[in-house]
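Welcome to this guided tour. Open your viewer, get ready to select residues by number, and follow along one stop at a time.

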Amino acid sequence: MENFKISKEIEELINEIDVSESYYEKVSNRYKAIANYIKESDLAEYGPDIYLQGSIKLGTAIKPLTEEGAYDIDIVCNLTEKRRIDQTQRQLKDEIGKVVEEYCIRNRMQSLPKESNRCWTLHYVDESNFHIDILPAVPWNDSDDGNIAISDKRRDNYDDITDNWEISNPKGYSDWFKNQSNFKVLKESYAKQIDAKVEEIPDYKVKTELQRIVQLLKRHAEVMFEDDMEHKPSSVIITTLAAKVYYKCTTISDDFTSLLLNVIKTLLDGIEYEEEIPCIYNPVNRKEKLSLKWDKEKTYFEGFLKWYDQLKADFSVDNKEVTLNESLYYMQRSLRKSTNEIGISLDSLNHHQRPKWKLLSANESDVEIKTYYSWPGFRGKKIKSGEALNKKGELRFEVIAPTLNIKDFDIYWQITNTGTEAKNANCLRGDFYDSKIEQGKRIRTETTSYVGRHYVEAYLVKNNICYRKSKPFEVNIIDGFTIEWFYTKNEGITYG
């Protein structure tokens, strides 16, 4: 498998979110410390097999979105000499939890481990700011196939002696993921380059294109759902879908950018359907469903589809109208903490008219456009600037200015369209419109009619002087909205 040439701009984006080698080394030391302690504890007689899982193991970890954020390290503690019928899930979890608590006390950690549904969590309070989730497990069967049975306090049989446990296979999943990108061959090639033995090289020294793509997609989801982390698509779903379509995409791509875009284009091909309901399984064990949340409530799957539409828009997938610089800007914007900046200068558009009032202040920070979007069959909601929207929707704009008494001003709206559809319809606009009164507020309503990035600005005017104007609000209308496609395709089914 060839190496794909990566542009300087995208490489800089990846470096922004990538985890440093020194961090991987610190994780390795902390992981080995707790692993060695457990292996030498009272649990030694049960043959504890302790290993990394999750993004650190896969090489897809990314820096926290904010300075307050923490790194997640996931490890498995598999007591290989035990079986499901030897104890309840609670007893297994408590047994391992006792040893983990002893470790915290012995090492004078500031807090004892906290229990979650499946894991025990160790919090490290230092400059690295990370925590370790320890997953109690026993082998699923007597064969060495990597399948494990895991405890989960949400299950009705948590306190019963039964063989009805949840199943997982982190080792098999890790091997599958790395095979998808030919990791072993790339690592051998790297070893030759530096004249070293393969076994001497830590996995984090080797970074594949697949790992980089997963990092970018994960960061995009984090930024998009920073205010609603509950509905953020899970890392394992993003990782699995990208890995499933990756190899095929390498055969039709010329460089890293085209590879990235092709993975995004085909991402949904990795979804399976069970009685027309979308689902994703662990590729190495179909008994483990990775999309369980989708079964519980449709808002989780809708959140995934909303993310996918936004991803396509922000990475300019199939958008021939944006320039290379604009495409890079939108990509960069989507991977960084929320910003309301737009990707073009509106003054550069010939149809964007100059204000007809004297502008008293260029300060845009204390005037905000609050926007609501409704679409047939879906509940209306407040949206962000740049959020991907479907055609045939209704928009409602109102002005928020906490430091001003809005009632003292007339509010005018400037609507500026872009894109081929608006141009062909002779509807690029760029002129000014009065407000209308609705529920005592002066607002502007529009419909989402043309694919493209369009802009709305509000002007607060009194005595023919504009005292304030808003930053432009970007209305981002895309074609082929995935949620619409899904529910049209599956019309009449009961979901969620």
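**Stop 1: two helices side by side**

Start by selecting helix 9 (residues 256–266) and helix 11 (residues 298–314), whose axes come within 10 Å and cross at roughly 150°. This is a predicted model, in which local features need pLDDT of at least 70 and side-chain atom pairs count only at pLDDT 80 or more, while totals for chains, interfaces and linings use all residues. Residues are numbered from 1 along each chain as its sequence is written, and side-chain values use heavy atoms, with hydrogens and water left out.

Helices (H or I, at least four residues) and strands (E, at least two) are DSSP runs, numbered from the N terminus. Axes are lines fitted to C-alpha atoms, for helices over the stretch in contact, and angles run from 0 to 180 degrees between N-to-C directions. Angles under 35 degrees count as roughly parallel, over 145 as roughly antiparallel, 65 to 115 as roughly perpendicular and the rest as oblique.

How are helix 9 and helix 11 oriented to each other? They are roughly antiparallel, because of that crossing angle. Their crossing is left-handed (the near helix is turned anticlockwise from the far one by less than a right angle; clockwise would be right-handed). Now show the side chains: I264, K265 and T266 in helix 9 meet Y308, L311 and K312 in helix 11, where contact means heavy atoms within 4.5 Å. By class, this contact has 3 nonpolar, 1 polar and 2 charged residues (Ala, Val, Leu, Ile, Met, Phe, Trp, Tyr, Cys and Pro count as nonpolar, Asp, Glu, Lys and Arg as charged, and the others, Gly among them, as polar).

**Stop 2: onward from helix 11**

Select S316 next, in the loop between helix 11 and helix 12. Its phi is near 55°, a positive value in a residue other than glycine. Is S316 buried or exposed? S316 is buried, with a relative accessible area of 8% (buried means under 20%, exposed over 50%, partly exposed in between, with a 1.4 Å probe and protein chains only).

Carry on to helix 12 (residues 324–334), where S327, L328, Y330, M331, Q332, R333 and S334 are buried. What covers these buried residues? The cover includes helix 9 and helix 11 from your first stop, along with helix 1 (8–17), helix 7 (209–224), strand 21 (452–462) and strand 23 (473–477).

**Stop 3: another helix pair**

Select helix 2 (residues 21–39) and helix 4 (residues 89–106). Their axes come within 10 Å and cross at roughly 120°, so these two helices are oblique to each other. The crossing of helix 2 and helix 4 is right-handed. Look for A33, I34, Y37 and I38 in helix 2, which meet V99, E102, Y103 and R106 in helix 4. This contact has 6 nonpolar, no polar and 2 charged residues.

**Stop 4: around strand 5**

Now select strand 5 (residues 130–139), which is mostly covered: 10 of its 10 residues are buried. Which strands pair with strand 5? Strand 2 pairs with strand 5 in the parallel sense over 8 bridges (two strands pair if DSSP finds at least two bridges between them). To see one of these links, find D72, whose bridge partner in strand 5 is H131.

Strand 4 (residues 120–124) pairs with strand 5 in the antiparallel sense over 5 bridges, and Y124 stands opposite F130 in strand 5. Strand 6 (residues 148–150) is joined to strand 5 by 3 bridges and runs antiparallel to it; here A137 has I150 as its bridge partner.

While you are here, click D74 in strand 2 (residues 71–79). The C-alpha atoms of D74 and Q53 are separated by 5.4 Å, although these residues are 21 apart along the chain. Leaving aside neighbours within four places in sequence, D74 is in contact with Y51, L52, Q53, G54 and D133.

**Stop 5**

Show the open sheet of 5 strands in the order 14-13-16-20-19, with antiparallel pairing. Its edge strands are strand 14 (378–383) and strand 19 (436–438), each pairing on one side only. Neighbouring strands of this sheet are turned by 35° against each other on average, direction ignored.

**Last stop: R429**

Finish by selecting R429 in strand 18 (residues 429–434). R429 has a positive phi of about 60° although it is not a glycine. At 23% relative accessibility, R429 counts as partly exposed.
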